[in-house]
Amino acid sequence: MTDPLDIPLIDISSNNDHAAGKAMLDAAVKFGFLYVDSRSSCFTQSDVQGAFDISKEFFHLPRDEKSLYKRGSDVSASSPYFKMDSNVSRSQNKGWVGMMVETLDPEHHEINQSLPPSLMKREKDISNFVDLCNRTCNRVPSNFFTSQHDPSKGLTGNSLRLLYYPEDVTGYCPGKDIRAGAHSDYGSVTLLFQLPGQPGLEILTPDESWAPVPVYPRGIQGDFPFPPILVNIGDMLSYWTDGLLKSTVHRVVFPDSDADGGNQRSESRDRYSIAFFCQPVESTELGPIPSDLVSSYRQRKAEDASVTIGYGGGSSALNTSQRKTITAKGHLQARLNATYV
Ligand SMILES: O=C(O)CCC(=O)C(=O)O
Ligand SMILES: [Fe+2]
């Protein structure tokens, strides 16, 4: 197995820290992933713990109640969590079912999707968690990107996804079966919250091997209130920057018992994670933005077709000539259609 990568841990406590901005850009260009130091975020330990408690509450509900909220039409009756129809082996599964997806009405900050009755009492907490995610994603000085994510300009496809990969899946084959199939994320950035001792995320490296992304960054010891937030560059930032920022392909596997970067042994084969997908306003066009960095990257690519610089797959693997300018809504719809076949 490829060694875990040295994805940097970044302190975001200041909006105007140029060194942190540069480190973020470098990580986004190279890996398409970075960690945000949880001590510098606006989340408290109890915000994050509370969100995982809600997730556990939901996934512990009786199967009949959960299945009312299932996503997609291809869910096997025997396993609401995995796509396992007879034509798709589990190692190919896309894994995108059995998840609670929430979006917020931007004006009133209410949850658009109806919640299971037993979670109605947690509506405010969910809404508060989504607000904190939004604040984190927009924690940059006002610029092109913040204006494209301004909810007063129209609907965004922001969503919060509570994920559970259960331990008790019988008959899986370690090293072969996967929990969530290879994909890049659709939006601008994804915030991923993980629990200690529950690793499993891997990213595709330029030599086509899979490298684990530990819950805690490699070699970093510290007293974190909760694991660093893993930030993942999505397709839209890759489109806007013509592939300079990498929308890197990743997946989730059953972890080896010591797969957590040597930092922490895996205590549980269950995995809970929470992903917040930040999306621009639906009508946003996804063509490359005017930027010196993007232009010089484009020029380097024109001179040397092998230039990709970094790990990115996803939309950054497309040639410019293959791209057409689409809107955020069009892209999201196309990706969801491809995912929830
Ligand atoms: O569960 C995870 O850790 C990753 C999930 C993921 O990649 C996604 O929901 O896009
Ligand atoms: Fe993802």
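Visitor: How many of the 341 residues in the protein chain are buried?

Guide: Buried residues make up 54% of the 341 residues. Keep in mind that this is a predicted model. A residue counts as buried when its relative accessible area is under 20%, and as exposed when the value is over 50%. The protein chain exposes about 15500 Å², and carbon and sulfur atoms supply 51% of that area.

Visitor: How do I compare distance in sequence with distance in space, say for H250 and D185?

Guide: Read two values for each pair. H250 and D185 are 65 residues apart in sequence, and their C-alpha atoms are 8.6 Å apart in space. For P151 and G181, the values are 30 residues in sequence and 31 Å from C-alpha to C-alpha. P151 is in the loop between α5 (144-148) and β6 (159-165). With a relative accessibility of 41%, P151 is partly exposed.

Visitor: How many salt bridges does the structure hold?

Guide: A salt bridge needs a side-chain nitrogen of Lys or Arg within 4 Å of a carboxyl oxygen of Asp or Glu. The structure holds 8 salt bridges. One of them pairs R39 with D37, with 2.9 Å from N to O. R39 is partly exposed, at 46% relative accessible area, whereas D37 is buried, at 8%.

Visitor: Which parts of the chain does the pair R298 and D242 tie together?

Guide: The side chains of R298 and D242 meet in a salt bridge at 2.7 Å, N to O. R298 lies in helix α7 (residues 292-303) and D242 in the loop between α6 (235-240) and β12 (250-253), so the pair ties together parts that are 56 residues apart in sequence. The relative accessible area of R298 is 35%, which makes R298 partly exposed. D242 is buried, at 0%.

Visitor: Which residues are linked in a network of salt bridges?

Guide: The network links E57, K121, R122 and D125. Within it, look at R122 and D125, whose side chains meet at 3.2 Å, N to O. R122 is buried, with a relative accessible area of 18%. D125 is partly exposed, at 40%.

Visitor: What is the nearest side chain of opposite charge to D47?

Guide: A charged residue can also be examined where no salt bridge is present. D47 is buried and has no salt bridge; the nearest side chain of opposite charge is R135, 7.9 Å away. D47 sits in helix α2 (residues 45-59). The side chain of D47 reaches the backbone nitrogen of T44 at 2.8 Å. Apart from neighbours within four places in sequence, D47 is in contact with C42, N128, F129 and L132.

Visitor: How many residues surround ligand 1, and which are the closest?

Guide: Begin with the residues around the ligand, then look at its polar atoms. 13 residues surround ligand 1, and the closest are Y165, H183, D185, R271 and S273. A polar side-chain atom of Y165 lies 2.5 Å from an oxygen atom of ligand 1. For S273, the corresponding distance to an oxygen atom of ligand 1 is 2.7 Å. For H250, it is 3.1 Å. The protein covers 98% of the 290 Å² of accessible area that ligand 1 has on its own.

Visitor: Where is H250 found, and is it buried or exposed?

Guide: H250 is in strand β12. With a relative accessible area of 5%, H250 is buried. Leaving aside neighbours within four places in sequence, H250 is in contact with several residues, among them F33, G181, H183, D185, E202 and W210.

Visitor: Which side chain is joined to that of H250 by a polar contact of 3.4 Å?

Guide: The partner is N232. The side chain of H250 also reaches the backbone oxygen of T248, at 2.9 Å. Together with the ligand, the picture for H250 is this: a buried residue with a polar side-chain atom 3.1 Å from an oxygen atom of ligand 1.

Methods: Residues numbered from 1 in each chain as written. Chains lettered and ligands numbered in written order. Predicted model: local features only at pLDDT ≥ 70, side-chain atom pairs only at ≥ 80, totals over all residues. Heavy atoms only, no water. Helix = DSSP H or I, 4+ residues; strand = E, 2+ residues; numbered from the N terminus. Buried < 20%, exposed > 50% of the residue type's maximum accessible area, 1.4 Å probe, protein only. Lys, Arg positive; Asp, Glu negative; His and termini not counted. Polar contact = N/O pair within 3.5 Å; in protein donor to acceptor, adjacent residues only side chain to side chain. Contact = heavy atoms within 4.5 Å. Near = heavy atom within 4 Å. Areas by Shrake-Rupley, 256 points an atom, 1.4 Å probe, with all protein chains shown as cover.
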